[in-house]
Structure formats: C-alpha cells, structure tokens
Amino acid sequence: MGRLVVIEGLDGAGKRTLTDALTAALAEVGASVATLAFPRYGVSVHADLVREALHGAHGDLGDSVYGMGLLYALDRRGAADEIRALRAGHDVLLLDRYVASNAAYQAARLRQGADSEVVRWVRDLEIERFGLPVPDAHLLLRVAPEVAAARARGRAESDATRARDAFESDDGLQARCAAVYDELAAANWLSPWHVVDGADRVDAAALAADLLGTRLP
Ligand SMILES: Nc1ncnc2c1ncn2[C@@H]1O[C@H](COP(=O)(O)OP(=O)(O)OP(=O)(O)O)[C@@H](O)[C@H]1O
Ligand SMILES: Cc1cn([C@H]2C[C@H](O)[C@@H](COP(=O)(O)O)O2)c(=O)[nH]c1=O
C-alpha cells in the first residue's frame, strides 16, 4: 500500500503548484504517483454545491459552518473507495486538501482553535463515522496570509474562471486559518505534519527524496 500524503495550506498558498511539482519530481525518481484534489468540483454534487454557496447561491447555506463542513465531508465520503484504490495501486497518493482543511477552516470561521469542539466534530464525522483513510503525513505549505492573498488575487486577475470566493476574499478568516493550521501541525493532528516554507519556490526534488526516504514521518 502506498503512502497517503496530504498537502494543506491557505487559499493561494501554492498547493496545486506544489502538487504538480512534487508529482513530477516523484515520477522522475521512478515512483508511481496519483493525485486527487478536494473539493472535487465538477465530479461531486456536494463539491458543486460548496462552490455555488461560496459564490452566494443557496440562500444562507454559506453562512452555516456545520452545513458547509458537512458538504465538504460528503464530497470526501464519495471518494473513499477511489482513495483506497489509488493508494493501493501507487507508491504515493498526493491529496491537495483533505480532512484537515475542514478542521482548519471551520474552526477559523467559528474563531476556535485546533483543540475545539468543531475540530473534534470533523474528526468524528469524517474519520470515525465515514471511515475515511487516515493520511500517513501532512505537508503544511506555510506562507504568510498576505502572500497567499496576493497570489490568489493575481490568479483571479489572470484567470476569469478563478474569481475569488467568500473564503478567499476574507482576510481575517485567512489569518485565523493560518493560526489553526500552525496548531494542527504542532499537534500532529491525525498524523505527522511537516512544515514546508512556501515563501519562495519549493525544492520539489528534495521534498520527493524526503518523502521516499526516512527523513519525513
Ligand atoms: N512559490 C510560488 N511563488 C510565487 N507564486 C506562486 C508560487 N506557488 C504558486 N504561485 C502562484 O500563486 C497562485 C496560486 O497558486 P496555486 O493555484 O498553486 O495555489 P493553491 O494553494 O492551490 O490555491 P487554492 O487553494 O486557492 O486553489 C498561482 O497563480 C501560482 O502560479
Ligand atoms: C476541502 C475543503 C476546503 N475548504 C475551503 C478551503 C477553500 O477556502 C474553499 C475551497 O477550496 P479551494 O481549494 O479554494 O477550491 O473551501 C473547507 O473549508 N473544507 C474542506 O474540507
């Protein structure tokens, strides 16, 4: 069974960019790699409802922290068999966001920390009740919230399909979310966390070597 590795971080941190670079670097050294990104827009009705709510549709759905948290969780529940199959068939399965995104964002929305009722709710729902696979490791792509926001703004300006949503344009939420991510990483929530400095270009080849070797948990 391959390693299940999750990349987490703020909106605009560069998770997709790192996922692509790490996939190429792992393939370069002969590892078989599969990737999935959550939410699974265009694949899962729950993910599409999330996107629509983040852009103002569905009345007050977007205001409901637990309602939104449940939709993200149901998207992942629908992917559980695929995650297990991809993990079984590859050396590494890279996930761009996973259960920890739900913990970080919903806690930040409620102005709570990593040791909070909503974080326990996410774990109970997704891991205990839905039976989602527990990751082997998390990579927290850590960038200052202002840097992530500038990257997200730049992307929105150059790509009309990536207009910023309600979470991305809420600077206070992003700052609180960064703090919760730091706490989740410090607590090694669900599995070991490794903090990657995303301020500059990440050395994906070195990270791939770490992942395949013994230096990362
Ligand atoms: N290390 C970097 N330095 C400068 N710009 C970067 C870096 N990594 C990514 N970017 C740019 O920042 C923007 C956001 O990157 P990306 O889409 O990878 O972020 P993301 O974390 O996946 O975002 P989201 O969670 O909102 O989907 C893109 O325009 C990308 O080209
Ligand atoms: C998977 C997941 C995501 N979120 C948040 C994080 C982002 O602000 C939005 C959309 O994600 P994207 O990467 O920008 O497409 O949703 C969340 O709160 N809970 C989750 O489980």
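Ala, Val, Leu, Ile, Met, Phe, Trp, Tyr, Cys and Pro count here as nonpolar, Asp, Glu, Lys and Arg as charged, and the others, Gly among them, as polar. This is a predicted model, in which local features need pLDDT of at least 70 and side-chain atom pairs count only at pLDDT 80 or more, while totals for chains, interfaces and linings use all residues. Residues are numbered from 1 along each chain as its sequence is written, and chains are lettered from A and ligands numbered from 1 in the order in which they are written.

The shell around ligand 1 has 7 charged, 6 polar and 2 nonpolar residues. A residue is near a molecule if its C-beta atom, placed from the backbone, lies within 6 Å of it. Of these 15 residues, G14, K15, R16, T17 and R151 come nearest. Helices α1 (15-28) and α7 (145-158) each supply at least two residues of this shell (helices are DSSP runs of H or I, at least four residues, numbered from the N terminus). The most come from α7, with 4 residues.

Around ligand 2 stand D11, F38, P39, Y72, R97, S101, N102, Y105, F167 and E168. By class, 5 are nonpolar, 2 polar and 3 charged. Here α5 gives the most, with 3 residues.

Helix α5 (residues 99-109) also meets helix α3 (residues 65-77): their axes, lines fitted to C-alpha atoms over the stretch in contact, come within 10 Å and cross at roughly 175°, with angles run from 0 to 180 degrees between N-to-C directions. The two helices are therefore roughly antiparallel (an angle over 145 degrees). V65, G69, Y72, A73 and R76 of α3 make the contact with V99, N102, Q106 and R109 of α5, where contact requires C-beta atoms, placed from the backbone, within 7 Å. This contact has 4 nonpolar, 3 polar and 2 charged residues.

How values were computed. Angles under 35 degrees count as roughly parallel, over 145 as roughly antiparallel, 65 to 115 as roughly perpendicular and the rest as oblique. Two residues are in contact if their C-beta atoms, placed from the backbone, lie within 7 Å.
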